[in-house]
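The model is shown first.

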Amino acid sequence: MTAERQMELTLPMVPDIEIAAARAAANLARELGMASESIDEMAHALIEACINAREHSGSADRRIYVRIVGTSLAEGNSRVDIWISDHGKGFNVTEARSRRQKLGAVHKRGWGLQIIEAHMDEVDISTNADGTTIHMVKYGRLEEPTGSVAR
Amino acid sequence: MGEIMTDELRVAVDRRGTNGAVLYTKGYINNVGGEEIANRAYELMDDGVRSLLLNLRETKIVNSIGISILIEIIEKMIDKGGRIGFCCLTPVIHKTFQIMGLANYASIFTDEDGAIQEMAL
(Lines give C-alpha, C1' and ligand atoms only; values in the text may rest on other atoms or scores of the structure.)
Protein backbone atom coordinates (compact mmCIF):
# COMPACT_ATOMS: atom_id res chain seq x y z
CA MET A 1 0.00 0.00 0.00
CA THR A 2 1.53 3.29 -1.08
CA ALA A 3 0.36 6.78 -0.27
CA GLU A 4 -0.11 8.47 -3.62
CA ARG A 5 -1.57 11.82 -2.68
CA GLN A 6 -1.08 13.91 0.41
CA MET A 7 -1.89 17.45 1.42
CA GLU A 8 -1.97 19.57 4.54
CA LEU A 9 -4.07 22.66 5.08
CA THR A 10 -4.14 25.21 7.86
CA LEU A 11 -7.46 26.98 7.73
CA PRO A 12 -8.75 30.02 9.63
CA MET A 13 -11.96 29.50 11.57
CA VAL A 14 -14.16 31.67 9.39
CA PRO A 15 -17.63 30.98 8.01
CA ASP A 16 -17.80 28.47 5.15
CA ILE A 17 -14.11 27.54 5.41
CA GLU A 18 -15.31 23.94 5.62
CA ILE A 19 -16.10 24.14 1.93
CA ALA A 20 -12.43 24.72 1.12
CA ALA A 21 -11.44 21.61 3.05
CA ALA A 22 -14.20 19.54 1.46
CA ARG A 23 -13.24 20.70 -2.01
CA ALA A 24 -9.58 19.80 -1.45
CA ALA A 25 -10.44 16.32 -0.19
CA ALA A 26 -12.90 15.77 -3.02
CA ASN A 27 -10.33 16.71 -5.64
CA LEU A 28 -7.81 14.33 -4.13
CA ALA A 29 -10.35 11.49 -3.96
CA ARG A 30 -11.42 12.16 -7.52
CA GLU A 31 -7.82 11.81 -8.67
CA LEU A 32 -7.85 8.35 -7.09
CA GLY A 33 -10.99 7.47 -9.04
CA MET A 34 -13.25 7.24 -6.01
CA ALA A 35 -16.95 7.04 -6.83
CA SER A 36 -18.86 10.31 -6.56
CA GLU A 37 -21.27 9.12 -3.89
CA SER A 38 -18.38 8.09 -1.64
CA ILE A 39 -16.75 11.46 -2.25
CA ASP A 40 -19.95 13.26 -1.31
CA GLU A 41 -20.27 11.27 1.91
CA MET A 42 -16.67 12.02 2.80
CA ALA A 43 -17.17 15.71 2.02
CA HIS A 44 -20.24 15.97 4.26
CA ALA A 45 -18.35 14.30 7.13
CA LEU A 46 -15.41 16.64 6.64
CA ILE A 47 -17.73 19.64 6.65
CA GLU A 48 -19.22 18.55 9.99
CA ALA A 49 -15.78 17.96 11.50
CA CYS A 50 -14.64 21.44 10.50
CA ILE A 51 -17.85 23.01 11.81
CA ASN A 52 -17.41 21.22 15.14
CA ALA A 53 -13.87 22.57 15.40
CA ARG A 54 -14.96 26.07 14.46
CA GLU A 55 -18.07 26.23 16.62
CA HIS A 56 -17.10 24.24 19.70
CA SER A 57 -13.35 23.91 20.11
CA GLY A 58 -12.76 27.27 21.74
CA SER A 59 -9.23 27.24 20.35
CA ALA A 60 -7.11 30.31 20.94
CA ASP A 61 -5.33 30.20 17.59
CA ARG A 62 -8.60 29.95 15.63
CA ARG A 63 -7.09 27.49 13.18
CA ILE A 64 -8.20 24.12 11.82
CA TYR A 65 -5.42 21.76 10.78
CA VAL A 66 -6.34 19.34 8.03
CA ARG A 67 -4.23 16.47 6.69
CA ILE A 68 -5.49 14.34 3.83
CA VAL A 69 -3.79 11.19 2.50
CA GLY A 70 -5.16 9.29 -0.47
CA THR A 71 -4.06 5.74 -1.21
CA SER A 72 -4.77 3.47 -4.15
CA LEU A 73 -5.66 -0.06 -3.13
CA ALA A 74 -5.91 -3.30 -5.07
CA GLU A 75 -8.58 -3.87 -7.71
CA GLY A 76 -9.23 -0.19 -8.30
CA ASN A 77 -10.30 0.59 -4.77
CA SER A 78 -9.02 3.55 -2.83
CA ARG A 79 -8.77 4.90 0.68
CA VAL A 80 -8.71 8.46 1.94
CA ASP A 81 -7.50 9.24 5.47
CA ILE A 82 -8.38 12.64 6.92
CA TRP A 83 -7.17 14.16 10.16
CA ILE A 84 -8.98 17.28 11.44
CA SER A 85 -7.23 18.88 14.40
CA ASP A 86 -7.72 21.90 16.59
CA HIS A 87 -5.94 23.29 19.62
CA GLY A 88 -9.12 23.79 21.60
CA LYS A 89 -10.45 22.57 24.91
CA GLY A 90 -11.54 19.10 23.82
CA PHE A 91 -14.96 17.53 24.39
CA ASN A 92 -16.70 14.56 25.98
CA VAL A 93 -17.02 11.98 23.21
CA THR A 94 -19.39 9.72 25.13
CA GLU A 95 -21.75 12.58 25.79
CA ALA A 96 -21.61 13.73 22.19
CA ARG A 97 -22.35 10.23 20.92
CA SER A 98 -25.32 9.80 23.25
CA ARG A 99 -27.19 12.73 21.80
CA ARG A 100 -30.21 11.59 19.86
CA GLN A 101 -32.35 14.63 19.34
CA LYS A 102 -35.97 14.36 18.37
CA LEU A 103 -38.41 16.72 16.79
CA GLY A 104 -39.57 19.15 19.45
CA ALA A 105 -36.39 18.77 21.47
CA VAL A 106 -34.85 21.92 22.85
CA HIS A 107 -31.47 21.10 21.34
CA LYS A 108 -31.68 20.44 17.63
CA ARG A 109 -27.97 20.87 17.12
CA GLY A 110 -25.04 18.67 18.02
CA TRP A 111 -25.48 16.14 15.23
CA GLY A 112 -22.02 16.52 13.77
CA LEU A 113 -20.47 13.43 15.28
CA GLN A 114 -23.38 11.18 14.30
CA ILE A 115 -23.21 12.44 10.73
CA ILE A 116 -19.45 11.95 10.59
CA GLU A 117 -19.71 8.37 11.85
CA ALA A 118 -22.56 7.54 9.49
CA HIS A 119 -20.81 8.84 6.39
CA MET A 120 -17.29 7.53 7.08
CA ASP A 121 -16.06 3.95 7.31
CA GLU A 122 -13.74 4.47 10.28
CA VAL A 123 -13.63 7.28 12.84
CA ASP A 124 -11.19 7.67 15.71
CA ILE A 125 -11.27 10.64 18.06
CA SER A 126 -8.43 11.80 20.28
CA THR A 127 -9.42 14.65 22.54
CA ASN A 128 -8.11 16.25 25.70
CA ALA A 129 -7.70 19.68 27.21
CA ASP A 130 -5.03 20.56 24.63
CA GLY A 131 -7.13 19.89 21.58
CA THR A 132 -8.92 17.37 19.41
CA THR A 133 -8.00 15.27 16.42
CA ILE A 134 -10.59 13.35 14.45
CA HIS A 135 -9.08 10.72 12.18
CA MET A 136 -11.57 9.41 9.68
CA VAL A 137 -11.26 6.99 6.79
CA LYS A 138 -13.31 6.56 3.66
CA TYR A 139 -12.92 3.57 1.37
CA GLY A 140 -14.10 3.97 -2.18
CA ARG A 141 -14.62 1.80 -5.16
CA LEU A 142 -13.47 2.95 -8.55
CA GLU A 143 -15.92 5.25 -10.34
CA GLU A 144 -17.78 3.41 -13.08
CA PRO A 145 -16.66 4.56 -16.53
CA THR A 146 -20.17 5.75 -17.32
CA GLY A 147 -20.51 7.52 -13.96
CA SER A 148 -20.94 11.25 -13.82
CA VAL A 149 -18.66 12.74 -11.22
CA ALA A 150 -19.63 16.34 -10.61
CA ARG A 151 -16.76 18.63 -11.56
CA MET B 1 -18.64 18.32 -5.04
CA GLY B 2 -17.46 20.39 -7.96
CA GLU B 3 -20.81 22.13 -7.77
CA ILE B 4 -20.28 23.47 -4.27
CA MET B 5 -21.13 27.12 -4.12
CA THR B 6 -20.15 29.41 -1.31
CA ASP B 7 -22.39 32.19 -2.57
CA GLU B 8 -25.55 32.84 -0.63
CA LEU B 9 -28.28 30.32 -1.08
CA ARG B 10 -30.86 31.34 -3.62
CA VAL B 11 -34.53 30.58 -3.14
CA ALA B 12 -37.38 30.74 -5.62
CA VAL B 13 -41.05 30.20 -4.90
CA ASP B 14 -43.85 28.86 -7.05
CA ARG B 15 -47.23 29.45 -5.43
CA ARG B 16 -49.72 26.73 -6.25
CA GLY B 17 -53.30 27.49 -5.35
CA THR B 18 -54.29 29.25 -2.17
CA ASN B 19 -52.55 27.00 0.32
CA GLY B 20 -49.69 25.37 -1.57
CA ALA B 21 -46.22 26.28 -2.76
CA VAL B 22 -43.01 24.81 -4.10
CA LEU B 23 -39.80 26.35 -2.79
CA TYR B 24 -36.68 25.82 -4.92
CA THR B 25 -33.23 26.10 -3.34
CA LYS B 26 -29.90 26.58 -5.06
CA GLY B 27 -26.64 26.38 -3.14
CA TYR B 28 -25.28 25.42 0.26
CA ILE B 29 -27.79 25.00 3.08
CA ASN B 30 -25.77 26.18 6.06
CA ASN B 31 -26.92 28.48 8.86
CA VAL B 32 -27.34 31.43 6.52
CA GLY B 33 -29.02 29.36 3.82
CA GLY B 34 -31.29 27.70 6.35
CA GLU B 35 -32.39 31.07 7.69
CA GLU B 36 -33.13 32.27 4.17
CA ILE B 37 -35.33 29.22 3.58
CA ALA B 38 -37.01 29.73 6.96
CA ASN B 39 -37.80 33.36 6.22
CA ARG B 40 -39.45 32.46 2.93
CA ALA B 41 -41.27 29.48 4.43
CA TYR B 42 -42.64 31.55 7.32
CA GLU B 43 -43.82 34.24 4.91
CA LEU B 44 -45.67 31.57 2.97
CA MET B 45 -47.18 30.09 6.15
CA ASP B 46 -48.33 33.55 7.23
CA ASP B 47 -49.94 33.86 3.81
CA GLY B 48 -51.92 30.67 4.31
CA VAL B 49 -49.67 28.01 2.80
CA ARG B 50 -50.16 24.68 4.54
CA SER B 51 -48.67 22.35 1.95
CA LEU B 52 -45.06 23.23 1.15
CA LEU B 53 -42.69 21.28 -1.05
CA LEU B 54 -38.95 22.02 -0.92
CA ASN B 55 -37.21 21.05 -4.15
CA LEU B 56 -33.48 20.65 -3.41
CA ARG B 57 -32.47 19.68 -6.94
CA GLU B 58 -29.81 22.39 -7.09
CA THR B 59 -28.50 21.92 -3.57
CA LYS B 60 -25.60 19.50 -3.32
CA ILE B 61 -24.28 20.30 0.14
CA VAL B 62 -26.01 20.69 3.49
CA ASN B 63 -24.73 20.87 7.03
CA SER B 64 -26.26 19.94 10.35
CA ILE B 65 -26.93 23.55 11.33
CA GLY B 66 -28.87 24.13 8.13
CA ILE B 67 -30.85 20.94 8.63
CA SER B 68 -31.66 21.90 12.22
CA ILE B 69 -33.30 25.03 10.81
CA LEU B 70 -35.28 22.92 8.34
CA ILE B 71 -36.51 20.88 11.31
CA GLU B 72 -37.71 24.08 12.97
CA ILE B 73 -39.66 24.90 9.81
CA ILE B 74 -41.27 21.45 9.89
CA GLU B 75 -42.24 21.92 13.54
CA LYS B 76 -43.89 25.25 12.82
CA MET B 77 -45.79 23.81 9.88
CA ILE B 78 -46.98 20.84 11.92
CA ASP B 79 -48.16 23.25 14.62
CA LYS B 80 -50.25 24.96 11.97
CA GLY B 81 -51.72 21.66 10.82
CA GLY B 82 -49.80 21.69 7.54
CA ARG B 83 -47.37 19.46 5.75
CA ILE B 84 -43.86 19.77 4.34
CA GLY B 85 -42.28 17.57 1.72
CA PHE B 86 -38.83 17.40 0.14
CA CYS B 87 -37.89 16.19 -3.31
CA CYS B 88 -34.91 15.72 -5.61
CA LEU B 89 -32.40 15.04 -2.85
CA THR B 90 -28.93 13.73 -3.58
CA PRO B 91 -28.33 10.31 -1.99
CA VAL B 92 -26.02 11.84 0.61
CA ILE B 93 -28.47 14.57 1.58
CA HIS B 94 -31.23 11.95 1.81
CA LYS B 95 -29.01 9.86 4.09
CA THR B 96 -28.20 12.89 6.24
CA PHE B 97 -31.90 13.70 6.58
CA GLN B 98 -32.49 10.14 7.77
CA ILE B 99 -29.64 10.35 10.29
CA MET B 100 -31.11 13.50 11.81
CA GLY B 101 -34.63 12.08 11.85
CA LEU B 102 -36.04 14.67 9.50
CA ALA B 103 -37.42 11.94 7.26
CA ASN B 104 -39.68 10.81 10.11
CA TYR B 105 -41.61 14.09 10.12
CA ALA B 106 -41.60 15.20 6.52
CA SER B 107 -42.32 13.35 3.30
CA ILE B 108 -39.40 12.61 1.01
CA PHE B 109 -40.08 12.21 -2.70
CA THR B 110 -37.81 11.13 -5.51
CA ASP B 111 -39.04 13.67 -8.04
CA GLU B 112 -41.16 16.79 -8.17
CA ASP B 113 -43.98 15.33 -10.26
CA GLY B 114 -44.60 12.56 -7.75
CA ALA B 115 -44.41 15.02 -4.87
CA ILE B 116 -46.88 17.43 -6.46
CA GLN B 117 -49.31 14.60 -7.11
CA GLU B 118 -49.00 13.13 -3.63
CA MET B 119 -49.24 16.50 -1.88
CA ALA B 120 -52.08 17.64 -4.15
CA LEU B 121 -50.25 20.83 -5.07
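## Hairpin in chain B

In chain B, strand 1 and strand 2 form a hairpin with 3 residues between the strands, and Gly17(B) has a positive phi near 75 degrees there. Strands are DSSP runs of E with at least two residues, helices are runs of H or I with at least four, and both are numbered from the N terminus. Strand 1 (residues 10-16) of chain B pairs with strand 2 (residues 20-26) of chain B in the antiparallel sense over 7 bridges; pairing requires at least two DSSP bridges between two strands. Ala12(B) lies opposite Tyr24(B) of strand 2 of chain B.

## Basis of the model

This is a predicted model, in which local features need pLDDT of at least 70 and side-chain atom pairs count only at pLDDT 80 or more, while totals for chains, interfaces and linings use all residues. Residues are numbered from 1 along each chain as its sequence is written, and chains are lettered from A and ligands numbered from 1 in the order in which they are written.

## Sheet of chain B

The open sheet in chain B has 5 strands in the order 1-2-3-4-5, with mixed pairing. Strand 1 and strand 5 (107-109) of chain B are at the edges with a single partner strand each, so one side of each has no neighbour in the sheet.

Strand 3 (residues 51-58) and strand 4 (residues 83-87) of chain B pair in the parallel sense over 5 bridges. Leu54(B) has Phe86(B) in strand 4 of chain B as its bridge partner.

## Chain A

Chain A contains 4 helices and 5 strands, in the order β-α-α-β-β-α-α-β-β from the N terminus. Of its 151 residues, 38% are buried (20 or more other C-beta atoms within 10 Å of the residue's own, with C-beta atoms placed from the backbone).

Notes. A residue is buried if 20 or more other C-beta atoms lie within 10 Å of its own, exposed if 12 or fewer, and partly exposed in between; C-beta atoms are placed from the backbone.
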